[in-house]
2 protein chains.
Amino acid sequence: MEYEQLKLDNQLCFRLYTAARLTIGAYHPYLDPLGITYPQYLVLLVLWEQDKQPVNDIAHKLFLETNTVTPLLQRMEKAGLVKRTKGKEDTRQRIVSLTKKGIEMREQAKHIPDCLSDEIIQITGEEEEFVRMIPSLDKLIEGLKRTTYNK
Amino acid sequence: MEYEQLKLDNQLCFRLYTAARLTIGAYHPYLDPLGITYPQYLVLLVLWEQDKQPVNDIAHKLFLETNTVTPLLQRMEKAGLVKRTKGKEDTRQRIVSLTKKGIEMREQAKHIPDCLSDEIIQITGEEEEFVRMIPSLDKLIEGLKRTTYNK
DNA sequence: TACTTTTGCATCGTGAACGATATAAATATG
DNA sequence: CATATTTATATCGTTCACGATGCAAAAGTA
């Protein structure tokens, strides 16, 4: 068939896109009670690992553009999760730090990864299969991030 | 570490989310010349496989909600790619069909999957690895779509 | 047949993503 | 040291993605 390749069934990207959306959906029951979204949760993960980072570092760790992260941080600031202060050495920088509320949320969120893992195992009956996928995904991400389209 | 699980590196979802975004980014050089976005490309894939489908069928095949697909189709109609007509049997339905322009775009797009495959191989030096990921992703998608969060 | 429920689609509001562009500060260069 | 360039962040416009809600038509039920 001339157009065989154009079938949805043959596409890797469509699966990644769908799997990502549905998996993020699985976070909803855990994130909604905390009043945060998945991208906001990612920002918190970054800051919980290391507090007080410039916007650029956060964006880089999440493979996002600063023009995505800036509004995200503004919403998080409005929600009282982070504070954004001018950098001392480099005044162009905005240093993002956790508020008391942001720090405390770590405790409420610490069980989420285990919950999600359990859920995936329960739903699919598998775990190893997905653990094995991680290095491949990393290779793909590593390869793609150096292309023209990003960076 | 008590919070080890909270580390970004432990997360499958983050990889899926990132890999999906970056892979979609890799479509840009091919889709931009056609004047379409990746989700619009997906809609075209669905319609190229079978023309004249109600909104609901398209949404279902893409695992999207109709309130995402409706505006998408409206933009595609404005761009002259599809036509939306009232259903004859069930007048609530909107039957989406390809225009001449939408049909012709198939020819221009038919090489895209091969281009993307080649690109991934060139970037990562691998292909099998990602082909092997597909059944796992399908299992994950299949499992997640029956959860509370979607349907 | 009258009434209730479901279904198919649309509209609205919010939060991402990101290309393009702007701005000010830091850095490099003549 | 003056000027050009780069860098860090922000703003704007467009397109998703989706929860909540609305509405009319179809289907089910009394």
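I noted the ground rules next. This is a predicted model, where local features need pLDDT of at least 70, side-chain atom pairs count only at pLDDT 80 or more, and totals for chains, interfaces and linings use all residues. Residues are numbered from 1 along each chain as its sequence is written, while chains are lettered from A and ligands numbered from 1 in the order in which they are written.

**DNA strand D.** I asked which elements supply the surface. From chain A, α1 (12-31), α3 (55-61) and α4 each give at least two residues, and so do α2 and α4 of chain B. Helices (H or I, at least four residues) and strands (E, at least two) are DSSP runs, numbered from the N terminus. By class I read seven nonpolar, 11 polar and eight charged residues. Nonpolar means Ala, Val, Leu, Ile, Met, Phe, Trp, Tyr, Cys and Pro; charged means Asp, Glu, Lys and Arg; the others, Gly among them, are polar.

**DNA strand C.** I found 25 residues around it, with B:Pro54, B:Asn56, B:Asn67, B:Thr70 and B:Gln93 nearest. The largest share of this surface, four residues, is from α4(A). I read its classes as six nonpolar, 11 polar and eight charged.

**Chain A against chain B.** I counted 53 residues from chain A and 54 residues from chain B in the contact. Contact here needs C-beta atoms, placed from the backbone, within 7 Å. On the chain B side, α1(B) gives the most, 16 residues. That side has 30 nonpolar, 12 polar and 12 charged residues.

**Helix α2(B).** I checked its span: 12 residues reach 17 Å from first C-alpha to last, close to the 16 Å expected. The expected value is 1.5 Å times one less than the number of residues. Its buried residues are B:Tyr41, B:Leu42, B:Val43, B:Leu44, B:Leu45, B:Val46 and B:Leu47. Buried means 20 or more other C-beta atoms, placed from the backbone, within 10 Å of the residue's own.

**Sheet in chain A.** I traced three strands in an open antiparallel sheet, ordered β1-β3-β2. Pairing needs at least two DSSP bridges. The edges are β1 (53-54) and β2 (82-86). I saw A:Pro54 opposite A:Ile95 in β3(A).

How values were computed:
Two residues are in contact if their C-beta atoms, placed from the backbone, lie within 7 Å. A residue is near a molecule or strand if its C-beta atom, placed from the backbone, lies within 6 Å of it. A residue is buried if 20 or more other C-beta atoms lie within 10 Å of its own, exposed if 12 or fewer, and partly exposed in between; C-beta atoms are placed from the backbone.
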